Amino acid sequence: MPETDAVKQTVQSQAVPDQDILLSARGLGRSVGSRRLWQGVDLKLQAAERLAVSGPSGVGKSLLLRALAGLDALEDGEVWLRGKPQFAWPMPQFRAEVMYLLQRPAPASGTVGTYLAEPFSFKIHAGKSYEPGEAARLLKHLGRPPAFLDQDAAHLSGGEAQLAALVRALLLSPTVLLLDEATSALDAETAGLAEALLRDWLDAGPARALVFVSHDRAQQERFATHIQPLSGMTE
Ligand SMILES: Nc1ncnc2c1ncn2[C@@H]1O[C@H](COP(=O)(O)OP(=O)(O)OP(=O)(O)O)[C@@H](O)[C@H]1O
């Protein structure tokens, strides 16, 4: 194991006072059919942390993120958001706070601006308001001009769709962002801009954190504050 991984994993295993933990999980396990993917997965996520979940293709990284997001029922173990168990949260509220971003965002219609504004009409986001100026500011950090807001959302490239989905999530200000290969279609320079934007977003507060899956080893090394390895179960 490279030295940097060892260091990062040591950071993750240090004792952390409970009040400083945003998201935590204990004893998570998951099977698909008769196949056990992983078990005994524990994690603790503090404010401003960027946890990479690493492991080979098919090991179950996406399924772990989906479990953390409350998108799949937990088979084993428990998840807490700010000390409250996942099952005790109204699920829409939990998902508004723990937001999962896919590698391929769902197709959208209308302009990018419409797509970004859409979730603000949902009941769960009542009290938040869409600020086009803030959207333009975030897009500028990602190297996109204000005219990007007027582009047809249905015809964005794979990378552009990822940028739009990222901005949409940031505008909604979740507590925990779960990024499932959510920058995989970006060129290296734009991926760097996205990482810088995410660092700024975490630093700006309130207390927030993110978990990400990336097959880009270099991105893991430079962007993660610590790493959660997932390894396949032996039969
Ligand atoms: N809904 C499902 N029904 C059946 N099997 C599933 C389902 N979702 C995932 N799997 C299987 O579970 C395993 C883990 O899938 P998952 O997508 O979590 O892996 P991953 O580690 O994220 O892989 P990759 O790095 O290739 O994206 C795979 O073998 C996959 O085929």
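Predicted model: local features only at pLDDT ≥ 70, side-chain atom pairs only at ≥ 80, totals over all residues.

Biologist: Why is α6 called largely enclosed by the rest of the structure?

Modeller: A residue counts as buried if 20 or more other C-beta atoms lie within 10 Å of its own, and 11 of the 14 residues of α6 are buried, so the helix is largely enclosed. Among the buried ones are Ala 161, Gln 162, Arg 168 and Leu 171, and the buried residues pack against β6 (98-101), α4 (112-117), α5 (132-141), β7 (176-180) and α7 (188-204).

Biologist: How do you know what span to expect for α6?

Modeller: The expected span is 1.5 Å times one less than the number of residues; for the 14 residues of α6 (158-171) this gives 20 Å, and the helix reaches 20 Å from its first C-alpha to its last, close to that expectation.

Biologist: What makes up the largest nonpolar core, and which element gives the largest share?

Modeller: That core has 59 residues, and those with the most contacts inside it include Ala 164, Val 167 and Val 176. The largest share, 9 residues, comes from α6. In soluble globular proteins, nonpolar side chains tend to be buried together.

Biologist: What makes the shell around the ligand polar, nonpolar or charged by class?

Modeller: Gly counts among the polar residues, and the shell, which includes Gly 55, Gly 58 and Gly 60, has 5 polar, 4 nonpolar and 1 charged residues. Helix α2 (residues 61-69) gives the most to this shell, with 3 residues.

Technical notes. Residues numbered from 1 in each chain as written. Helix = DSSP H or I, 4+ residues; strand = E, 2+ residues; numbered from the N terminus. Buried ≥ 20, exposed ≤ 12 C-beta atoms within 10 Å, placed from the backbone. Contact = placed C-beta atoms within 7 Å. Core = buried A, V, L, I, M, F, W, Y, C linked by C-beta atoms within 7 Å. Near = placed C-beta within 6 Å.
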